[in-house]
Every structure is written in C-alpha cells, then in structure tokens.
Amino acid sequence: MNEKVLRILEYSKVITALTEKASSEPGKQLCSDLRPMTEIEAITEAQIQTQDALTRLFKKGAPSFSGNRPVLGMLKSLEIGSILSAGELLKIASLLECSARIKSYGRNEKDDSIADSLEALFDGLEPVSPLSSEIRRCILAEDEISDDASSTLKHIRRSMILANEKIHQQLTQMVNGSHRTYLQDAVITMRNNRYCIPVKSEYKNQVPGMVHDQSQTGSTLFIEPAAVVSLNNQIKELSLQEEAEIEVILSILSVKTSEYIEQIREDHFLLTNLDFIFAKAALALDQNATMPIMNSDHRIVIRKGRHPLLNKSTVVPIDIELGNTFDLLVVTGPNTGGKTVSLKTIGLLTLMGQAGLHIPALDRSELSLFHEVYADIGDEQSIEQSLSTFSSHMTNIVSILKYADSNSLCLFDELGAGTDPTEGAALAIAILKHLHQRGIRTAATTHYSELKLFALSTAGVENASCEFDVETLRPTYRLLIGIPGKSNAFAISSKLGLPDYIVDSARNELSQEDESFEDIISDLEKSRRTIEAERLELATYKKEIESLKKQLSQKQERLDQARETILREANEKARDILLEAKELADESIREFQKKSSSVNVKDMEQSRQKIRNKINEKNSSLTLKPSGSVPQKPLQVKIGDSVKIISMGLKGSVHSLPDQKGNLFIQCGIMRTQANIKDLVRLDDDDITKKLPGRTSAGKIKLSKTSTISMEINLLGRTVDEALAELDKYLDDAYLSHLPSVRIVHGKGTGALRNAVHQHLRKAKYVDSFRLGEFGEGDAGVTIATFKK
C-alpha cells in the first residue's frame with residue numbers, strides 16, 4: 001500500500017491511537033509498524049484474533065504486558081558467551097514472570113470448552129519459573145546483589161562491616177579526643193574511597209598520615225591517619241573481593257539463563273504478538289468497533305459507519321454501498337456537508353479492515369480486499385514547483401490512472417475543480433467514464449450538475465448526496481445513496497439576507513434546462529423526506545404491533561400452561577382418591593368375607609362389583625368445578641370445635657390446628673382422619689349429643705369422649721375391687737363411643753380376676769356377649785366383650 005494514501009487518509013493517527021493501547025515497548029513497536037495486508041487469509045486470521053481478544057476483554061478484563069522487555073540483544077550476547085549485567089538479568093526475569101502471568105490469564109475456565117485462535121499462543125508460553133525465581137533471589141535491584149546470593153559474598157560483606165566499625169571507632173576517638181584542636185570540624189569524611197578527617201593546614205604535622213585532598217582555600221587538609229591505613233587497605237581489598245564475587249554470581253546466572261535461550265526468545269515473540277493483538281481489541285472496544293466481513297468481490301457495504309478520528313458521541317453514522325449494483329458513486333451536495341468525510345471514511349475503513357483492525361460500524365458490514373487504494377483529496381498546490389490547485393490535482397490523477405487496475409479503490413474529492421467549470425466537468429466525466437469502463441471501484445465528490453446527469457444516465461453509476469437542512473442552514477451529514485444533491489446556493493443566500501431581487505435575478509440567469517433539473521431534484525428531495533417520515537412511522541407501528549403480538553402470545557401460552565397444569569393436577573388427585581376408596585372397599589369386603597362365613601360368596605362378589613362400577617362411573621364423569629364459582633372464606637376453628645366433613649358426611653371434633661395448606665386432623669368416633677379447612681362446616685354441640693340408656697333426656701354427654709377412648713383396657717396388677725370399678729367406668733365410656741367390642745386384659749394367674757370380670761359382664765345390660773381370646777389374641781389372659789347394637 002502506497003505511503004501517500006496512508007498520509008492523505010490519516011492512517012497514521014489510527015496507528016498512533018493503537019500504539020497507545022499496547023503496554024510493552026516491543027508491542028508498541030509492532031503496532032507502529034502495522035500496515036494494510038493484501039492476503040485475505042492473513043486479514044481474516046488477524047480479524048478473528050482481534051475478535052477473540054475482544055471477547056476475552058469482556059470476560060476477564062485487560063491483561064498487562066509491561067513485563068515484556070526488549071531482550072533479543074541480551075540473548076545474542078548470551079549466545080557468544082558474554083556475561084549479562086544485573087539489570088539485564090532482571091529484565092529477563094521480568095519477561096519470564098510476565099509469561100507466567102499471561103499464561104494464567106489465558107487459561108480457559110471450566111465452562112469455556114471451546115478453544116479460540118489465541119489458545120495456541122497462550123499454550124506456547126514457557127515461564128521457566130525456577131530461573132526467574134533464582135534471579136530474583138540473587139539480585140534485589142540493578143545495583144544491589146543480595147547477601148544470600150552466595151556464602152562467600154555473605155562472608156565478605158560481614159568482614160567489611162566489622163572493618164568499618166573498627167575504623168569508625170578509632171576515628172571517633174581521635175575526633176573527640178586529643179586531636180580535636182587540630183581539626184577544622186569534628187567529622188569523619190571519605191576521600192578517594194578512604195576514611196579521612198579534616199585537619200587545619202597549620203597542624204598537618206601534628207596528625208601523621210596520608211594527605212588525600214585539600215579544600216579550595218587550602219586551609220583544610222583531608223588526612224588519612226596512619227592508625228587506620230591498614231584498616232582502609234583491608235576494606236579496599238574486601239571491596240575488590242566483593243566485586244569479583246558478584247562477577248562470579250552474574251556469570252553463574254548468565255550460564256543458567258543461556259540454557260533457556262530458545263524458550264525466552266519464544267516467550268518474547270509470543271508476548272509481543274499477544275500485546276499487539278490485545279491492543280487492537282482495546283482500540284475496538286474504545287471505538288465500539290466490530291469485525292467486518294471480508295470479501296474478494298470488490299463489494300463494500302458499510303452499515304452506520306463512523307470516521308474513527310471524529311468524536312464517536314457526536315459523529316453522524318452513514319450507510320455506504322459500492323460494488324454491488326454499481327461500481328461508481330458520485331457524491332454531490334453543498335460545502336461542509338460531509339462529502340469529504342464520507343470519502344475518507346470509505347478509504348480509512350478499508351485500510352483498517354485490511355490491517356486486521358475492527359471498524360467503527362455495525363456488525364455484518366462488508367469490506368473488500370484491494371491491492372491498492374488511491375486518493376486525491378485536499379489541496380497540494382506547490383509554489384516551489386509552480387503547481388496551481390488544478391495542476392496539483394491533475395498530477396495526482398495522472399499518476400492514479402497510470403497505476404490503478406481492477407483491484408484498486410480510487411477516491412476523488414472535487415474532481416475537475418480549479419478550472420473552467422465547463423472544461424472541468426467534461427474532464428471529470430471522461431475520467432470517471434474511463435475508470436468505469438475498466439471496472440475500477442471509484443467514489444468521487446463534485447458540484448457539477450453534468451456529473452449528476454452522467455450518473456443518472458449511465459448504468460452501473462449511482463448518485464449520492466449529503467443531506468442539508470435549509471431551514472437551519474446546517475448539514476445533517478447523512479449520506480443518501482440514490483439521490484443527487486442540490487447546492488442550495490439560492491436558498492442559503494436568501495436565508496443569510498441576500499436581497500430577493502438579486503436572488504431572482506440569479507434565477508433568471510439559469511437556463512430552462514438547469515432550472516428544471518434543479519426543480520426535479522427539489523421534488524425528489526421532498527418526496528424522499530415524505531417517504532422517509534412515513535417509513536419511520538410505519539416502522540414504529542410495526543414495532544408496537546410486534547410487541548403487542550408477542551405479549552398476547554406469551555399471555556395465551558401462560559394461560560394454556562396454567563389450564564393444563566390445573567386439569568392434570570385435578571385429575572391426578574381425583575384418580576388417587578378414587579383408587580384409594582376402591583382399595584379400601586375391596587379390603588373391607590375381603591375382611592368381611594373372611595370373618596362372616598354365613599354370607600354367600602356370590603352375593604358378596606356382586607356387591608363388590610357394583611361398588612367398583614359405581615366408582616368407575618364417578619371417575620369417568622369427574623370434572624372440574626366451574627371457573628366462575630365464588631371462593632368461600634376459610635373457616636376459623638380451634639381445637640375441640642364440632643365440625644362436619646362435607647365430602648365424607650362425617651361429624652367429629654377438631655383435633656389439630658390447620659397447617660400452611662389448610663390441612664388438619666378430625667376425630668370422628670374411633671377414626672382419626674385428615675381434612676382440609678375448606679371441606680368443613682361448624683356444628684352446634686346439640687347436633688352431636690346422645691342420650692344415655694336408662695337415663696332422663698336431660699342427661700346428655702358430648703361425644704368428645706371419642707377422641708380419647710381406647711378399644712382395650714389393661715387390669716393387670718390391680719385388686720378385684722379396683723379392677724371392677726375401673727372396668728365399669730370404661731365399659732360405659734366405650735358403649736357411649738359406639739365401639740362394637742372391647743378387649744379386656746386381666747391375665748391368667750389364679751383365675752380370680754378373670755372370674756370377677758366375667759361375672760360383671762354377665763350383669764351388664766349393654767354387653768351382648770363375651771369370650772376368651774383365641775390364639776393370637778392373648779388366649780385365656782384376655783376377654784373379648786361385644787356390645788349390643
């Protein structure tokens with residue numbers, strides 16, 4: 001791609017914005033070197049990588065590649081056996097640590113089973129953690145080696161500390177002792193890396209030692225006392241040993257690093273590429289850009305495209321189409337209406353797409369592969385080369401016509417301008433006709449009406465215009481394809497205050513053909529606006545209808561689901577009740593048949609069949625209650641209240657309070673059953689009272705005894721008198737509770753208690769018969785008593 005078009009379309013500004021998104025120096029360099037590609041496979045791969053990186057940004061946030069340092073020169077030094085400095089080793093450690101961090105970032109979560117195009121890059125990273133840990137252990141900073149780097153270094157530094165302490169001790173004694181009067185100041189200083197004291201020049205013979213320096217005035221001499229010369233020499237020797245040991249440590253670390261040269265080089269390459277890819281994704285996120293669909297058919301379809309260098313909150317998106325039904329687009333309209341911006345948007349988005357960058361447009365936008373993009377935009381007149389505006393434009397056009405082919409995209413701004421309008425329009429038509437005949441995709445802006453007529457009368461050529469609001473004298477910056485533009489010079493001049501007689505005079509200067517053409521364009525513009533308004537209104541109505549239709553459909557679906565659920569639950573519940581009743585009836589008949597040998601088996605079977613048929617009949621005819629039935633208010637009850645179960649026709653007393661679903665237990669005689677509060681009605685106490693036999697009508701006992709009476713009494717351990725008294729009361733309660741029979745446990749023993757029980761039963765008026773228990777009932781230790789009906 002030629003550098004001139006990159007400059008004209010301001011491609012470098014996009015690259016500058018991209019470079020700022022990279023977080024490492026190698027990544028920034030790779031961004032700055034990005035140029036449009038001409039292989040569609042490479043472009044598609046780059047676009048997919050940008051898209052996958054953008055997806056990861058949404059899920060995990062932006063990774064940092066700041067630890068990726070330029071280490072290629074260091075690796076070359078290692079290959080020839082050089083020793084790296086502490087700073088260079090720290091840069092390699094930083095790169096390896098960055099590799100570990102980025103590899104962890106790239107690891108997929110458990111629910112991310114689908115691999116993307118970046119997974120191979122993440123998997124290729126080799127952090128070499130032992131090496132980076134060893135470098136960090138030995139080197140604390142570029143100018144600081146750890147004492148623990150080696151035992152020898154630790155010993156040397158300990159010896160240096162001891163020697164320094166001794167020197168300070170001796171010099172402190174001298175400064176604060178007998179030499180105090182000879183000194184300029186009571187301080188200890190360093191000269192030439194040796195400890196000295198500042199001595200007045202007149203007392204230099206009083207302090208034996210070596211003179212290392214003097215003050216600018218010569219009044220002070222810096223003398224190293226003879227008493228500390230040997231200690232200073234010792235510190236100097238230890239310092240040389242320290243430097244030698246540090247060199248050994250760096251040499252060992254360099255040898256270890258040289259074992260991983262290829263892994264480090266590969267990590268550097270992968271980190272740089274990942275930084276570059278994520279920089280493209282970050283730019284796409286910042287521009288709200290999407291991945292274009294690339295094709296090789298020279299077809300451009302940009303949906304709501306925005307120029308990437310304009311403020312995204314204020315720029316007006318435009319729809320651009322080229323290469324589908326037409327290959328030449330002629331854009332007309334007033335100045336400052338957005339023609340040039342539209343032209344640059346086509347070119348710049350094409351360059352961005354071929355560079356692997358997402359474009360600021362809606363998804364499903366299409367871009368084509370072009371081997372070259374040519375643009376003649378702006379004024380490049382040159383005084384030094386004696387080129388006027390027209391000459392500079394024509395020079396560029398001549399070059400474009402020379403090199404452009406069917407794989408090129410050509411962009412012309414104000415084609416034919418800068419010269420006589422008649423000749424300029426003729427030249428513009430001839431140039432565009434030549435490009436059209438060669439099938440070269442071209443977009444051009446112009447003010448010439450002749451070019452509008454050329455576009456209207458030529459197949460494969462289409463008009464377009466930038467909309468302008470005459471009422472506000474402001475452009476709307478919308479690109480309208482299929483409609484030729486109007487200059488609006490008369491309307492604008494009139495709005496700005498030009499007298500009407502001047503405007504009318506100017507209209508009279510127009511030929512009848514020109515005026516008719518302008519009127520046609522005006523009528524077309526009015527019709528377009530009317531149709532556009534109606535289209536928007538219809539779209540709004542359609543959207544509202546779709547919303548109402550969707551709501552109605554969802555409501556009907558919910559109603560159908562609720563109806564099916566109610567029917568299913570009701571039928572299942574009814575079937576369960578019927579099956580339970582059927583099993584209970586069958587069980588009751590079988591028990592009756594077992595105990596009553598005198599009953600005819602055939603009659604019993606017929607009776608059971610009738611019951612079964614009746615239940616089946618009810619099961620088949622079971623239906624839901626009408627939906628219009630009025631719900632009854634739940635009954636308020638307390639324990640002991642007298643109630644009636646409507647569905648079963650039984651009377652009893654409340655034995656427990658209702659639960660959350662309204663279910664509670666009712667004691668009906670000897671039977672304790674569960675019912676719902678909605679299936680109960682309250683009864684007066686008189687409805688469930690009974691007269692005791694042999695007593696007056698005033699003696700009534702509530703049937704609440706049924707809630708506590710048992711079918712068995714245990715008389716074991718009691719005397720005859722105690723047992724008979726308790727038995728008499730029990731028999732009265734049992735009879736009042738309508739028990740058919742009771743079981744009296746008296747034990748075998750000597751038989752005295754059994755005989756007394758039997759004698760009492762013979763005298764009882766409401767006892768019909770009694771017998772000893774059979775095998776399995778307690779034998780002779782139990783008596784079964786049956787009451788009269």
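**Close-up views of a predicted chain**

View 1. Y501 is exposed, with a relative accessible area of 62%, where exposed means over 50%, buried under 20% and partly exposed in between (1.4 Å probe, protein chains only). This is a predicted model, in which local features need pLDDT of at least 70 and side-chain atom pairs count only at pLDDT 80 or more, while totals for chains, interfaces and linings use all residues. Residues are numbered from 1 along each chain as its sequence is written, and side-chain values use heavy atoms, with hydrogens and water left out. Y501 lies in helix α17 (residues 500–509); helices (H or I, at least four residues) and strands (E, at least two) are DSSP runs, numbered from the N terminus. Together with L498 and I502, Y501 forms a nonpolar patch on the surface, with about 300 Å² of accessible area.

**View 2. The crossing of helices α20 and α21.** The axes of helix α20 (residues 720–736) and helix α21 (residues 752–763) come within 10 Å and cross at roughly 35°. The contact (heavy atoms within 4.5 Å) is made by residues of both helices, among them V720, A723 and L724 of α20 and L753, A756 and V757 of α21.

**View 3. A salt bridge between R157 and E242.** R157 forms a salt bridge with E242, the closest N and O atoms being 2.8 Å apart; the term stands for a side-chain nitrogen of Lys or Arg within 4 Å of a carboxyl oxygen of Asp or Glu. The pair links distant parts of the chain, with R157 in helix α9 (residues 151–176) and E242 in helix α10 (residues 229–258), 85 residues apart. Both R157 and E242 are buried.

**View 4. A salt bridge between R299 and E366.** In this pair, the closest N and O atoms of R299 and E366 are 2.7 Å apart. R299 sits in the loop between β7 (293–295) and β8 (300–305), whereas E366 belongs to strand β11 (residues 366–368), 67 residues apart. R299 counts as partly exposed because its relative accessibility is 22%, whereas E366, at 19% relative accessibility, counts as buried.

**View 5. The salt bridge of D363 and R364.** The side chains of D363 and R364 meet in a salt bridge, at 3.8 Å from N to O. With a relative accessibility of 41%, D363 counts as partly exposed. Elsewhere, salt bridges that share partners join E10, K13 and K344 into one network, and a search of the whole structure finds 25 salt bridges.

Notes
Patch = residues over 30% accessible without salt bridge, like charges linked within 9 Å, V, L, I, M, F, W, Y side chains within 5 Å. Areas by Shrake-Rupley, 256 points an atom, 1.4 Å probe, with all protein chains shown as cover. Axes fitted to C-alpha atoms, helices over the stretch in contact; angles between N-to-C directions.
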